[in-house]
Amino acid sequence: MLETGVLASLVLLVVLLVRGTGRPAVLFGGLLALYYFAGLIETKTMLQNFVNPSLMVLVLLIILSSVIERTAVVEWMARFAFSTNRFASLLRFTGMTSLFSAFLNNTAVVASMLGMAKNNRHMLPSKILIPLSYAAIFGGTMTLIGTSTNLIVNGFVIEAGLEPIGLFDFLYVGLPIVVVGTLFLSLAGPALLPDYDAKKEKEEAQYFLEARVEEGSPLIGRSIQENGLRNMEQLFVAELLRGKELVSPVTPREVLQAGDVLIFTGNMRDVHELNRFKGLSIFDDSRCTLQTNLTEVVVSHESNLVGKTIKEAEFRMKFDAAVVAVRRGNEKLSGKLGNIRMQAGDTLLLAAGEDFSKRDNLKKNFYFVSDRPLTKKFDAKSSLTIMMLFLGVIVLSAMKIILFLKGLLFLLGLFLFMKFLDLAEIKRTFPFELVLIIGSALGIAQVLMQSGVAGMLGTFITATTDWMGVYGSFAAIYLMTFLLTEIITNNAAAALSFPIAYATSVSLGADPMPFVMAVAYGASASFLSPYGYQTNLMVYGPGGYKFGDYVRIGLPVSLLYSVVVLTLVPLFFPFSG
């Protein structure tokens, strides 16, 4: 009876995650609370999960990465990546991205490189941005700290009473992944990735912009054609809202009336031209003008804006910025701008006010595409000091001179003392939702193992793959995690797969480590969708991609990645200890 109830709750969790019903943190936290009130986990055990050493390391790395981001070291080196040689440019760029992602938060690395990659003079953004995301994923597989997924898995390892994973234990398989992956992206990427900028189709830039015809405007009583609204090269009048009536498509002969709302789509390079049409208001807020204050951002996967309309979010009040236009990959948006429900990955063009950069809620809600700095960068001396201190902690930890957790705590205190970091920045960058997900996932995993559900599922896997032996069960665990990370998220996939993987290894009498690694690498293998991994989502809008673009290049990348993992993990982590 207990097994049936726990299994049913697990299935319900997966269904809700797949459907996107509620935020993952709420779903994981809610299920843990259910188990707690049902008496399936003790108070002390539940609370200990939220101070797991791996979770503490992850939190410290995220906080410290906010200091490292401001050194601009990533930007300095990336500036030398691009040249007229396309292959060499992609190889340098993806190689550097992977290297940085091995030691820094891969989301921060992509955020630092996003604007530079999009605005480079040698290659189209659509040829670079998916490789940027994939290279960050590759790099994260090289070290324990390269991705939150590896640290989460290590947290499960510690809770299971196994020997913790070393800082560079992932390198044996991760480095070949980087070599094979970056070479493939550099050689085959240009042919498999879209060439949207060279297309003249209207779908190439589906920004969505709204403008209102004001009372007394000279545009009133004249047609679209007569007003010259058809003469812009990059912007196109797609729809017209007149009260509750939607006029689509809009003909050149359509005569404008006061209060009409014109919906433009197209490339925002011509957005400044709209200032020359007198009586055409770009924002509901008349204080804004299209001058030099435009900033391009991507809605973060952690943003509180997700699921809300621009009006419901009270956008202007929160950020001192007005939304000029919205872009969702190459999806065609329709209707009124203020009524669009924002999604993670949406690209917004903002007219920023004077206080915009001073708001403390920007990093949580947005990834920045434009070069507008949020905070002042450190000078060269401070940047080198910060990087040397960070690398020093990594080296000392790798040599087992100090514990990595102690080194990071010392570094946090030192950065506070040297005023590279302050308490306000710690508050802004503290990953509350991630802590809730991981702490809850640790508790859920314990319930799955103690209730016998993990063992039951492990037995099912071993029975199904019995004809292939231990290797078949190992491959099945990898495939299960691989599929889960594509339909939910990488961290959730790792959390759900680990107890099953561990139970499977126990039932086979095999060393757990290859099964643990199958979960770690499988949870990072998100290449087929913009939604499975946060870096894929970050480049979705700026690249103007379609869902199919990820499938086209993601399939061969997934195949190569899987071949490397399924071949090398058993070699370096044998099934018999």
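Trainee: Is Glu 312 buried, partly exposed or exposed?

Mentor: Keep in mind that this is a predicted model. Buried means under 20% relative accessible area and exposed means over 50%. Glu 312 has a relative accessible area of 45%, so the word for Glu 312 is partly exposed.

Trainee: Okay, and which residue does Glu 312 meet in a salt bridge?

Mentor: The N to O distance for this pair is 2.8 Å, and the partner of Glu 312 is Arg 341. Glu 312 sits in the loop between strand S6 and helix H11, while Arg 341 sits in the loop between strand S7 and strand S8, so the pair ties together parts that are 29 residues apart in sequence. At 44% relative accessibility, Arg 341 counts as partly exposed.

Trainee: Which helix holds both Asp 549 and Arg 552?

Mentor: These two form a salt bridge, with their closest N and O atoms 2.9 Å apart. Asp 549 is buried at 2%, whereas Arg 552 is partly exposed at 43%. They lie three residues apart, about one turn of the helix, and that helix is H22.

Trainee: Last one: how many salt bridges does the structure hold?

Mentor: Some share partners, joining Arg 242, Glu 254 and Asp 260 into one network. For the structure, the number of salt bridges is four.

Notes. Residues numbered from 1 in each chain as written. Predicted model: local features only at pLDDT ≥ 70, side-chain atom pairs only at ≥ 80, totals over all residues. Heavy atoms only, no water. Salt bridge = Lys/Arg side-chain N within 4 Å of Asp/Glu carboxyl O. Helix = DSSP H or I, 4+ residues; strand = E, 2+ residues; numbered from the N terminus. Buried < 20%, exposed > 50% of the residue type's maximum accessible area, 1.4 Å probe, protein only.
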